[in-house]
Amino acid sequence: MAYMLWLGWKLARAAHLAQANEHRLNVSFWQGVGLQFFNIKAWMLALTLTLTAGWVVNAARRPASNPGERLSIVCAIMAAFAFSSNFVYALVGSLLREWLAQGRRLLWFNRVFALVLWPRRAGCWPYEAAGNLEIKGQWPPTAG
């Protein structure tokens, strides 16, 4: 909990955009492949494909008659999502960078997101204090 509060405090005080080190931006192909093991979108895509695999090979609890067609549908949807989400992420980031570079916008932008971060983290405190951070059973917990 203390780490998240510290992170929120640092975020609330950040008033300047960081400058990237040009040398660190040179990433080889294999370094990029290795970096994907830390990419949450790649993990979510893998999870989705794993869960969807049941739909590819099964239809109404029976073996599917067209698994190849079903797999191509899943791959097309995933490829469209991957390209569009990365494009939108890069576009919004570049547009926000220009907008945030003017005046004190970045400071206030960071303060708003720090205020969003702190209460969300504070909401976990009662579970941590009680040693119940690992939730078992039904969520949200019911009375009784």
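Biologist: Is Phe113 buried, partly exposed or exposed?

Modeller: This is a predicted model, where local features need pLDDT of at least 70, side-chain atom pairs count only at pLDDT 80 or more, and totals for chains, interfaces and linings use all residues. Residues are numbered from 1 along each chain as its sequence is written, and side-chain values use heavy atoms, without hydrogens and water. Buried means under 20% relative accessible area, exposed over 50%, partly exposed in between (1.4 Å probe, protein chains only). Phe113 has 44% relative accessibility, so Phe113 is partly exposed.

Biologist: What separates Phe109 and Phe113 along helix H5?

Modeller: Helices are DSSP runs (H or I, at least four residues), numbered from the N terminus. Phe109 lies in H5, residues 105-122. Phe109 and Phe113 are four residues apart in H5, so the separation is about one helical turn.

Biologist: Which residues does Phe109 contact, leaving aside neighbours within four places in sequence?

Modeller: Contact means heavy atoms within 4.5 Å. Phe109 is partly exposed, at 27% relative accessible area. Its contacts beyond those neighbours are Leu96 and Leu100.

Notes: Helix = DSSP H or I, 4+ residues; strand = E, 2+ residues; numbered from the N terminus.
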